[in-house]
Amino acid sequence: MEKDSMKSKEDIIAHLGDEYDRYLGAIVPPIFQNSLFTRKTVNHGYTYTRVANPTTEIAEMKIAALEGGEAARCFSSGMAAITAALAHYLEKDSHVICPRAVYTPTKGFLETYMKKFGCEVTLVSGDSVEEFEQAIRPNTKVIYLESPLSNIFTLQDLEAISALANSRGIATIIDNTWATPLYQNPLEYGIDLVVHSASKYLGGHSDILGGVVVGSKETLEAITHNERSMFGAVMDPHQSWLLIRSLRTLPVRMKQHQENGLKVASFLEQHPLVSAVCHPGLTSHPQYELGRKQMTGYSGLLSFVPKGDKQQIMKMMKSLRYFEEGPSWGGFESLINSPGLWVNEETSVLAGIPVGLLRISVGLESADSIIDDLDRALNEMTR
């Protein structure tokens with residue numbers, strides 16, 4: 001089925017790129033689990049899986065269409081996608097602006113690894129366009145965004161920031177993993193490149209590792225032959241096949257993650273032993289209207305700050321029955337992580353993470369069961 005004939009994102013996920021006639025009518029396209037493609041009799045356009053693979057191309061086609069981009073490329077991890085996108089634009093002695101609460105490995109790459117090439121980073125809160133404008137230098141090459149931001153879930157104004165960047169000849173990149181292509185499409189607001197950790201909601205089952213970059217055909221072709229091929233961080237065919245499988249259920253999974261996440265966030269907001277809840281879908285969120293403008297829905301990742309000392313909060317976290325403890329998110333299971341238990345007041349200000357903050361990925365279990373579990377653990381916390 002051709003892309004132009006598909007009326008919804010659900011149609012794209014179900015059929016785009018599957019080419020049933022090409023694959024003998026197989027309703028699920030095959031895995032091209034091979035490293036090279038010979039062409040003694042047919043010049044089919046494929047040479048080596050590090051450059052292109054038919055299975056991976058199906059996943060790329062679907063994700064590009066979901067994001068409204070001309071092309072997409074899959075990588076071996078989210079960080080491989082992020083670093084490739086940044087490396088495409090950065091050069092010696094260049095400058096980057098990004099929010100200080102951005103995903104920690106991304107900030108580490110910019111502040112530590114790229115430092116050896118003379119690259120500098122200016123960290124801002126991300127709350128206002130004026131901050132970004134004041135941080136611009138003559139050598140600024142990239143404004144890197146992540147909206148909502150890791151752990152604290154504040155937003156950046158994508159349309160205003162992209163307009164500012166475009167007027168100055170600065171590239172914009174955004175990590176769109178939280179909202180997924182179903183609920184936010186930054187390319188529509190003028191952003192140049194969108195990156196995803198496919199290990200999160202796109203994969204959805206906590207069993208694949210991958211990343212995606214989406215943008216213009218010209219830019220993605222350059223990244224294919226430079227950053228992806230030269231670094232070799234390509235998604236392997238089996239991971240690509242698993243990603244295609246996972247995309248089939250993305251709309252129904254995200255609907256449940258959104259519903260469960262909002263129920264849990266609303267419960268926590270009213271709980272007497274919780275001092276703050278960070279979720280852009282709550283009407284109390286200071287950027288709620290901005291979120292409604294640039295997003296069409298919400299995921300199930302949020303954070304909150306219990307009213308207790310570090311030992312009590314740790315006790316509460318360890319006593320949860322429906323939550324496993326781990327750093328990832330976006331899978332079927334509920335997870336809890338504790339970024340705010342490892343910061344003091346000084347580093348809290350620098351990192352933008354409140355002391356005591358817990359981050360939870362609300363899974364696909366019964367929302368009532370999750371809420372009962374949290375309520376019990378909070379009430380037992382101070383005993």
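Reply: Accessible area is here the area computed by the Shrake-Rupley method with a 1.4 Å probe. On that basis, the protein chain of this predicted model exposes about 16500 Å², of which carbon and sulfur atoms supply 53%. Buried residues, those under 20% relative accessible area, make up 57% of the 383 residues.

Along the principal axes, the C-alpha atoms fill a box of roughly 75 × 50 × 35 Å. Among contacts with a separation of 6 or more, 72% are between residues 24 or more positions apart.

The structure holds 14 salt bridges. In one of them, the side chains of Glu91 and Lys141 meet with an N to O distance of 3.5 Å. This pair links distant parts of the chain, 50 residues apart: Glu91 belongs to the loop between α3 (78–89) and β2 (95–99), whereas Lys141 is in strand β4 (residues 140–146). Glu91 has a relative accessibility of 46% and counts as partly exposed; Lys141, at 31%, is also partly exposed.

A further salt bridge joins Arg137 to Glu120, at 2.7 Å from N to O. Because Arg137 lies in the loop between α5 (129–135) and β4, and Glu120 in strand β3 (residues 120–124), the pair ties together parts that are 17 residues apart in sequence. Arg137 is partly exposed at 34% relative accessibility, and Glu120 is likewise partly exposed at 42%.

The salt bridge between Glu259 and Lys263 has its closest N and O atoms 3.4 Å apart. Both residues belong to helix α10 (residues 250–270); because they are four residues apart there, about one helical turn separates them. Glu259 is partly exposed, with 36% relative accessibility, as is Lys263, with 40%. Beyond these pairs, salt bridges that share partners join Asp18, Lys62 and Arg248 into one network.

Technical notes
Residues are numbered from 1 along each chain as its sequence is written. This is a predicted model: local features need pLDDT of at least 70, side-chain atom pairs count only at pLDDT 80 or more; totals for chains, interfaces and linings use all residues. Side-chain values use heavy atoms; hydrogens and water are left out. A salt bridge is a side-chain nitrogen of Lys or Arg within 4 Å of a carboxyl oxygen of Asp or Glu. Helices (H or I, at least four residues) and strands (E, at least two) are DSSP runs, numbered from the N terminus. Buried means under 20% relative accessible area, exposed over 50%, partly exposed in between (1.4 Å probe, protein chains only). Contact means heavy atoms within 4.5 Å.
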